[in-house]
Amino acid sequence: MKEPLVRVSNLKKYFKTPMGSLHAVDDVSVDIQRSSTLGVVGESGCGKSTLGRTVLRLVEPTGGEVLFEGENIFKLKGAKLREVRKEMQIIFQDPYASLNPRLTVSEQIAEPLIVNNVFSDRQSMRSKVMQLMEVVELSPRFTHVYPHELDGGRRQRIGIARALALDPKFIVCDEPVSALDVSVQAQILNLMMDLQDEMGLAYMFVSHDLSVVRHISHEVAVMYLGQCVERASAEELFSNPRHPYTRALLDAIPVPNLSGRGKTRMILEGEVGVPIAPPPGCRFAPRCPNAKADCTASDIAAQECSPGHFVKCINI
Amino acid sequence: MSELLKVDDLRVEYSSGTAINKAVNGVSFSLMAGENIGFVGETGAGKTTTALSIMGLLPNETGKVRSGTIIFQGRDLLTLREQEMRKVRGSQIGMIFQDPMTSLNPVIPVGNQVAEVLKYHAEDNSKEAINKRVDELLNMVGIPPKRKNEFSHQFSGGMRQRIVIAIAIACNPLLLIADEPTTALDVTIQAQVLEMMEELRKKINTSMIMITHDLGIVAQVCDKVAIMYSGEIVEFGSVEDIFEGEQHHPYTVGLFGSIPDLTSSAKRLTPIPGQMTDPSNLPEGCKFHLRCKHSGEECEKLSPASYEIGEGHTVKCHKFKQGGAL
């Protein structure tokens, strides 16, 4: 196997809270190959956004490492770190909140270029901005309008143009389409997949929507309370889910056809807890239909149940 | 089956300063007792406005019903005085709002919020009877009654929505309107809430209008489906017509083409080009024609009528005139 573009190993991010330490990301290891997409799914509070942010070192980790092209980004400093940061970008969830309301579209897109001193003359910067607008299919008539004049889909295109401005190799996409209506969501998903094909981008696609994740991802990691409970190729994970949480998650999704009508679903009891000072063992055990005493006895290691398919469950 | 609700040619406008937003433009449908209709569409399609009109909850200053009738149990709700409407709202028609974080009062214990409905509408509104009923309702929605003195912020999103549902069903309404009841919830919690709603609906035998943007939810729980676009019902039919039928309105086709299917791995979505129409500046003719690949001369000038293409299956598109098809 080729060396991955990004290798996340044993990454941990704990937050201090008055009630104890909150294990937002706990010992997560994933790889992201060049020109491919890793989907990260899970429910609110499972740590998927924190994972995305820690991988980019937007927050400092508690432990573990992230190798970008073989280099541990947590060890880098100064100019070297800034160099690597250009290669790793992020697209945020809410296109209404993530843009500066006082900058026009072209100023928004030019911002990363200005910050990084990419161009010395205005003319070449302007042409780069226009080129980026063309890439994300924003018509030139929007050059001088402000974000509030645009709808969600167009705003998200600005977010994508900003992320692309420095020609990155890797983009963390944090719920990039969940604020959009389905017809616009489909346009943005198609755009992102086209950009990946053309520019060889690698994505870490964080989302709670399993159908979207299945559509765009090559590999998928399922998270539950800070831990990655299952990881496999998209094909394998959706056709042969092994972890009870993944199964319940897949079963809970209402599918838009009549085959699932009247079928008894596997309904999970209870709600997602909070991983503050979590007890050892499987964090899903309190809701798991197959839980045994052993599940909470000690921490569970991920095992490879078939090549490339990792599950964190002792009952497999 | 008897007809419970009949909405005919409902038109609603919002005025904001100089602009007039035409939110609902001639919606007609009827709901039989015990039926569950799903209203599907994107933001701005007029789903919530239709629901608010039935409830008589349109904002006073800005929202206006321009024309139409809403016949509920033989009476036109639009002609009722506010005092009479209050007797209908909450008792015969219950509503579940989208966002459980904002639809509960943060400074009143949740039990008292359930009790409030009973105080106004229940036949026996003695303290003991109400208390007993509150406990019973909380049990029905899976909230331990001992938590009734807590405030809404002490509950999770799914629990709050259960409380909102308890309020909505408190008086065994004939009609339940659910406006995106699970949109703010996680999928496993959504599954719990949807299952509970279905059970309760069968238990108290109520009809339902389910407003959602999620075709998956409609496929699982509804009997009939209304697809809305720009304040109109562009297609109406049974779930079988909509999900398994051959012929559809071009917008319905676009909507289905836009959702990634969990059960197949098609590599590319086929979205609808362009953006939603602006309700303050609606195009002439068919409101979808600017985004429609089948659009012709007629579509630009004339608003299409609804054509019946199967029993109870109607499509609002010129292409289906005189037994035509796409």
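Chain B has a mean pLDDT of 91, and 99% of its residues reach 70 or more; pLDDT is the predictor's confidence in each residue, on a scale from 0 to 100. For the complex, the predictor gives an ipTM of 0.83 and a pTM of 0.88. This is a predicted model, in which local features need pLDDT of at least 70 and side-chain atom pairs count only at pLDDT 80 or more, while totals for chains, interfaces and linings use all residues. Residues are numbered from 1 along each chain as its sequence is written, and chains are lettered from A and ligands numbered from 1 in the order in which they are written.

Chain B contains an open sheet of four strands in the order β2-β1-β4-β5, with antiparallel pairing. Helices (H or I, at least four residues) and strands (E, at least two) are DSSP runs, numbered from the N terminus, and two strands pair if DSSP finds at least two bridges between them. Strands of a sheet pair through backbone hydrogen bonds, either parallel or antiparallel. The edges of the four-stranded sheet are β2 and β5 (75-76) of chain B; each has a single partner strand, so one side of each is left without a neighbour in the sheet.

Within this sheet, β1 (residues 3-16) and β2 (residues 19-32) of chain B run antiparallel and are joined by eleven bridges. Leu5(B) has Leu31(B) as its bridge partner in β2(B), and Val7(B) has Phe29(B). The hairpin of β1(B) and β2(B) has two residues between the strands, and Gly17(B) takes a positive phi near 60 degrees there. Strand β1(B) is also joined by eight bridges to the antiparallel strand β4 (residues 63-72) of chain B, where Gly63(B) is the bridge partner of Tyr14(B).

A second open sheet of chain B has eight strands in the order β6-β7-β8-β3-β9-β10-β12-β11, with mixed pairing. At its edges stand β6 (93-96) and β11 (306-310) of chain B, each with a single partner strand, so one side of each has no neighbour in the sheet. On average, neighbouring strands of this sheet are turned by 20 degrees against each other, direction ignored; axes are lines fitted to C-alpha atoms, for helices over the stretch in contact, and angles run from 0 to 180 degrees between N-to-C directions. Strands β10 (residues 232-238) and β12 (residues 313-316) of chain B run antiparallel and are joined by two bridges. Phe236(B) has Thr314(B) as its bridge partner in β12(B).

Which strands does helix α1 of chain B lie across? Helix α1 (residues 47-55) of chain B lies across β3 (36-40), β6, β7 (175-179), β8 (207-212) and β9 (224-229) of chain B, and runs at about 145 degrees to β7(B). Helix α1(B) also lies across β1, β2 and β4 of chain B, at about 70 degrees to β2(B). Helix α9 (residues 250-258) of chain B lies across β9 and β10 of chain B and runs at about 95 degrees to β9(B).

Two further helices of chain B, α3 (residues 110-121) and α4 (residues 127-140), have axes that come within 9 Å and cross at roughly 120 degrees. Helices α3(B) and α4(B) are therefore oblique to each other; angles under 35 degrees count as roughly parallel, over 145 as roughly antiparallel, 65 to 115 as roughly perpendicular and the rest as oblique. The contact involves Gly111(B), Val114(B), Ala115(B), Leu118(B) and Lys119(B) of α3(B), together with Ile130(B), Arg133(B), Val134(B), Leu137(B) and Leu138(B) of α4(B). Two residues are in contact if their C-beta atoms, placed from the backbone, lie within 7 Å. By class, this contact has seven nonpolar, one polar and two charged residues; Ala, Val, Leu, Ile, Met, Phe, Trp, Tyr, Cys and Pro count as nonpolar, Asp, Glu, Lys and Arg as charged, and the others, Gly among them, as polar.

Between the chains, 32 residues of chain A are in contact with 36 residues of chain B. On the side of chain A that touches chain B, α6 (182-199), α7 (210-216) and α9 (244-252) of chain A each supply at least two residues. The largest share, seven residues, comes from α6(A). The residues of this side divide into 15 nonpolar, ten polar and seven charged.
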